[in-house]
Amino acid sequence: MELYSGEINKLISELAALPGIGSKSAQRMAFHILNLPHDRVKMLSDAIINAKENVKYCSECCTLTDGDICPVCANTKRDHGLIMVVENPQDMAAYEKVGKYDGVYHVLQGVLSPMNGIGPADIRLKELIVRLETHEEVREVIIATNSSAEGEATAMYISKLIKPAGIKVTRIASGVPVGGDLENIDEVTLFRAYEGRVEL
Ligand code: ZN
């Protein structure tokens with residue numbers, strides 16, 4: 001026997017499919033939503049739909065943003081000769097929170113993972129190459145992928161790809177715990193990892 005009726009089950013299973021949400025949390029969220037006033041539920045659903053419809057990849061760095069270009073890329077006071085390569089917008093946000101990096105970013109939107117069938121064409125690598133070819137002012141590319149096996153392999157791959165072009169390639173220091181997601185690391189560790197970067 002089903003514990004709840006069809007529409008409730010549908011809501012629970014959609015919520016449970018989100019990352020980090022177990023079935024218990026999904027049930028709690030579903031009943032919370034059902035007890036909200038109608039206008040609050042509409043605000044929630046509109047926020048999801050509007051974000052999905054209006055957010056796109058920055059034409060420069062591939063992070064997610066509302067406009068054609070993100071605020072970091074649009075900022076002429078940032079050092080556009082320094083590009084930090086990160087895995088996702090959350091990692092970019094982690095560095096922005098530290099507030100001491102004044103270069104720009106390139107967001108891969110993933111890492112190479114042969115085991116999961118993710119190859120170079122599945123992440124935003126081509127965009128990085130095109131960017132380096134069309135922006136002569138770039139003097140250093142800092143690879144700040146996570147220190148997981150996949151993050152390291154991705155760093156090596158990128159390094160081999162762009163070093164022949166004569167651009168300095170550095171890797172953030174491994175003060176970052178192995179397998180640790182960048183976004184969960186405290187700001188001091190993050191800044192140290194950046195300052196202690198080594199040339200590849
Ligand atoms: Zn951007």
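**View 1. Along the chain, the donors of the zinc ion follow the spacing C-x2-C-x8-C-x2-C.** Here a donor is an N, O or S atom within 2.8 Å of the metal (3.2 Å for Na, K and Ca); water is not among the atoms, so sites may look incomplete. The model is a predicted one, in which local features need pLDDT of at least 70, side-chain atom pairs count only at pLDDT 80 or more, and totals for chains, interfaces and linings use all residues.

Which residues hold the zinc ion? Its protein donors are the SG atoms of Cys58, Cys61, Cys70 and Cys73, lying 2.3 Å from it. The angles among the four donor atoms run from 105 to 117 degrees, and the site is tetrahedral.

What does the pair Cys61 and Cys73 tie together? Cys61 sits in the loop between β1 (56-57) and β2 (64-65), while Cys73 belongs to helix α4 (residues 71-74), so the pair joins parts that are 12 residues apart in sequence. Helices (H or I, at least four residues) and strands (E, at least two) are DSSP runs, numbered from the N terminus. Both Cys61 and Cys73 are buried, with Cys73 at a relative accessible area of 8%. Buried means under 20% relative accessible area, exposed means over 50%, and partly exposed lies in between (1.4 Å probe, protein chains only).

**View 2. Cys62 is found in the loop between β1 and β2.** Cys62 is buried, at a relative accessible area of 2%. Its phi is positive, about 70 degrees, although Cys62 is not a glycine.

The structure holds zero disulfides, a disulfide being a pair of cysteine sulfur atoms within 2.5 Å.

View 3. Together, Leu44, Ile48 and Ile49 make a nonpolar surface patch of about 280 Å². Ile49 is partly exposed, with a relative accessible area of 46%. Patches are built from residues with over 30% relative accessible area and no salt bridge, joining like charges within 9 Å and nonpolar side chains (Val, Leu, Ile, Met, Phe, Trp, Tyr) within 5 Å. The accessible areas come from the Shrake-Rupley method with a 1.4 Å probe, and for residues only the protein chains shown count as cover.

Helix α3 also contains Asp46 and Lys42, four residues apart, about one turn of the helix. These two form a salt bridge, with the closest N and O atoms 2.8 Å apart. A salt bridge is a side-chain nitrogen of Lys or Arg within 4 Å of a carboxyl oxygen of Asp or Glu. Asp46 is partly exposed at 30%, and Lys42 is partly exposed at 44%.

**View 4. Glu96 and Arg78 meet through their side chains in a salt bridge (2.8 Å, N to O).** This pair links distant parts of the chain, 18 residues apart: Glu96 lies in helix α5 (residues 89-98) and Arg78 in the loop between α4 and β3 (79-86).

**View 5. Arg124 and Glu127 form a salt bridge, their closest N and O atoms being 3.4 Å apart.** Both partners are partly exposed: Arg124 has 24% relative accessibility and Glu127 has 28%. How many salt bridges are there by this rule? The count comes to eight.

**View 6. Gln109 lies in the loop between β4 (103-107) and α6 (125-134).** The phi of Gln109 is near 60 degrees, a positive value in a residue other than glycine. Gln109 is partly exposed, with a relative accessible area of 24%.

**View 7. Leu18 is placed in the loop between α1 (6-16) and α2 (23-35).** Leu18 is partly exposed at 42% relative accessibility. From Leu18 to Ile162 there are 144 residues in sequence and 36 Å in space, C-alpha to C-alpha.

Conventions. Residues are numbered from 1 along each chain as its sequence is written. Side-chain values use heavy atoms; hydrogens and water are left out. Four donors count as tetrahedral if all angles lie between 85 and 135 degrees; four count as square planar and six as octahedral if opposite donors are over 155 degrees apart and all others between 65 and 115; anything else is irregular.
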